[in-house]
Structure formats: C-alpha cells, structure tokens
Amino acid sequence: MTENKCNICPRKCNIDRNAKKGYCGETDAVRVARAALHQWEEPCISGTRGSGTVFFSGCNMKCVYCQNRVISEGKVGMQISANRLAEIFCELMNQGAHNINMVTPTHFTVQIIEAIKLSRSKDMNLPIVWNTSGYETTETIEMLKGYVDVYLTDFKYMDSATSKKYSFCPDYPQVAKEALSAMVRQTGKVELDENGIIKKGVVVRHLLLPGHVEESMRVLEYLHSEYGDDVYISIMSQFTPNGHLEKYPEIDRKVTKYEYDKLVNYADDIGIVNAYVQDGSAAKESFIPDFDYTGLL
Ligand code: SF4
C-alpha cells in the first residue's frame with residue numbers, strides 16, 4: 001500500500017485501502033477504463049493531435065449529475081500496474097499526444113506519481129495535466145510539485161448548501177479555494193507554446209447548473225478577482241440530465257441558452273479575457289467516450 005491510512009483527499013477516510021475501499025470506491029490498486037487521444041478538452045489542451053487522456057475508475061466526489069457514472073461508481077475499470085501505466089504514457093506520446101491527461105486521478109495520487117517517475121526514466125517528456133474536481137487537499141497539491149505541469153481543475157460551487165446537496169461535500173467552496181491557490185502558486189500563470197498548446201499553468205472549469213446562474217456569476221467573479229488573467233477559465237454549458245435526478249427535479253433539465261448567455265455576458269462585463277465558451281452542440285454524447293479499455297492492453 002502507498003500509505004497505511006488514506007487521507008489523500010478531503011474526505012479523509014483514514015482507512016487502509018489495502019483492506020477496503022474508501023468513499024472513492026477504490027482500493028490502492030489502480031484501475032483505468034480508457035487511455036486514448038481525446039479531442040474534446042479545451043483547445044489549449046487538445047490542440048490538433050489530441051490529449052493523451054487516461055480515465056481512472058472511482059471518484060471522491062460522486063456528484064448526483066455525473067455524466068461518467070459508469071467509471072465514477074467503479075463499474076468499469078481494469079487493474080493496471082505502475083509500470084504498465086508508465087508504458088501507457090509513453091504509448092500515448094508515441095501516438096502524438098500533446099500531453100498526458102489524468103482524469104479523476106486524486107485517489108490514485110501516490111501511484112500516479114510513481115508511474116510518472118517511471119515514464120520519465122523511459123524518456124516520456126510531455127507535460128502532465130491533472131484533470132480534477134478541485135476537491136483536493138493542499139498537501140496533495142504539494143506532493144504533485146515537480147510532476148504536474150498543468151492543472152485542469154473544476155471550480156464547481158460557491159455555496160456550501162449547493163455542494164452539500166449535489167456532491168455531498170459542504171466544505172467544497174473553501175477546500176477548492178485553498179486548492180486552487182496552491183495550484184496557481186505552484187505553476188504560475190498560464191504559458192502556451194508557439195502553437196497555442198499549454199505548457200504550464202491552471203485552467204479552471206466551471207459547469208453551469210440549471211437554475212444556478214447567480215451562483216455561477218459569483219464563481220466567475222471570485223476567479224477573476226483573485227487570479228485575473230493568470231488562469232484560463234472554461235465556462236461550460238454541457239450539463240445533461242443523466243436519468244438519475246428524480247430527487248433533484250430543479251436540475252433535471254438542460255441549461256437554457258438564456259441562462260448560458262447571461263453568464264457569458266457577465267464574464268465579458270467583468271473583464272474576463274482568457275475564457276473558453278461552448279456552443280450548443282457541447283451537450284451531445286460525443287463528449288462521453290466509450291469506457292471500453294481502449295489503450296490498456
Ligand atoms: S482517496 Fe478515497 S479513501 Fe482516500 S480519503 Fe479520499 S475518498 Fe477516502
């Protein structure tokens with residue numbers, strides 16, 4: 001086991017993951033559902049050739065509206081050794097990936113660091129992207145120093161009541177603020193290469209929830225007032241009801257064009273320059289890849 005008592009994320013289960021699963025639903029054995037080039041991240045991540053994306057099984061959030069339930073609930077996942085994971089990083093590099101993109105990696109932080117070290121010894125030289133919910137401890141962000149180049153992090157909620165209701169973590173706003181601060185301190189401001197591909201820095205994603213424009217405005221206001229143009233902000237409209245929202249009828253619909261336009265106009269009004277916005281087609285299923293173990297064997 002990588003550590004006897006797992007407190008790697010703010011859930012702080014304090015359990016031995018050799019013996020049992022934590023809130024994230026995973027033991028210490030790394031499980032992966034897919035590793036392939038992915039075109040659907042932000043342009044500075046996907047570029048022209050794609051991001052070398054590794055989808056890990058399990059999740060420390062378990063949002064009620066999750067689009068990737070099949071992996072966040074751990075129904076799909078192949079056990080992978082650190083050595084095989086390092087090989088996969090190299091294979092993605094050889095396929096032309098611009099970077100190696102760890103999706104929902106937090107609960108496997110220690111094991112992934114080991115794989116990154118192994119891949120570096122095999123001459124894997126791509127930037128590492130940490131694609132996270134933002135629900136991270138500052139200690140874990142500190143552990144990633146020297147291994148991660150780009151944080152692609154969510155900032156989901158500004159209100160504790162919302163994060164409690166939809167993601168079972170009332171402390172999310174405060175935790176995410178502290179984690180984001182640690183990320184920006186570590187990487188500095190966004191740097192792009194000559195082709196517009198990110199080399200280092202932080203891209204913050206915010207997904208607009210139906211009926212939550214006002215809270216989203218406060219998220220954008222916070223991000224802009226704290227970080228100005230040092231981070232890129234991705235304002236996402238792709239919320240799609242997942243068929244499991246009977247207990248949450250207020251969000252059991254898509255975001256309207258009016259809601260999204262209102263948020264994007266607000267971002268413009270307060271002077272956010274480095275922003276990505278989505279068009280209406282973003283809510284299509286094409287953003288959800290097949291979790292069919294591509295790239296693992
Ligand atoms: S990584 Fe998993 S087991 Fe560890 S503290 Fe977080 S939820 Fe609990």
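How much space lies in the largest cavity? About 80 Å³.

## Basis

This is a predicted model: local features need pLDDT of at least 70, side-chain atom pairs count only at pLDDT 80 or more, and totals for chains, interfaces and linings use all residues. Residues are numbered from 1 along each chain as its sequence is written, and side-chain values use heavy atoms, without hydrogens and water.

A cavity is a set of points, on a 1 Å grid over the protein atoms alone, where a 1.4 Å probe fits but cannot get out; lining residues have an atom within 4 Å of a point. A volume is the space filled by probe spheres set on the points. Four cavities reach 30 Å³ or more. Of the 13 residues lining the largest cavity, C6, I8, C9, C13 and C24 are the closest to its centre.

The ligand takes the space of the largest cavity. Around the ligand stand C6, I8, C9, R11, K12, C13, R17, G22, Y23, C24 and H107, each with a heavy atom within 4 Å of it.

## The second largest cavity

This cavity holds about 40 Å³ of space. Its lining is K156, Y157, H206, L207, L209, H212, E215 and S216. β8 (198–207) and α8 (213–227) each supply at least two of the lining residues. Helices (H or I, at least four residues) and strands (E, at least two) are DSSP runs, numbered from the N terminus.

## T140

T140 lies in helix α5 (residues 138–143). T140 is buried, with a relative accessible area of 2%; buried means under 20% (1.4 Å probe, protein chains only). Beyond its neighbours within four places in sequence, T140 is in contact (heavy atoms within 4.5 Å) with I8 and T109.

Conventions
Buried < 20%, exposed > 50% of the residue type's maximum accessible area, 1.4 Å probe, protein only. 1 Å grid on protein atoms, 1.4 Å probe; cavity = no way out; pocket = protein on both sides within 12 Å on 5 of 7 lines; lining within 4 Å. Sits in = over half its atoms within 2 Å of the grid points.
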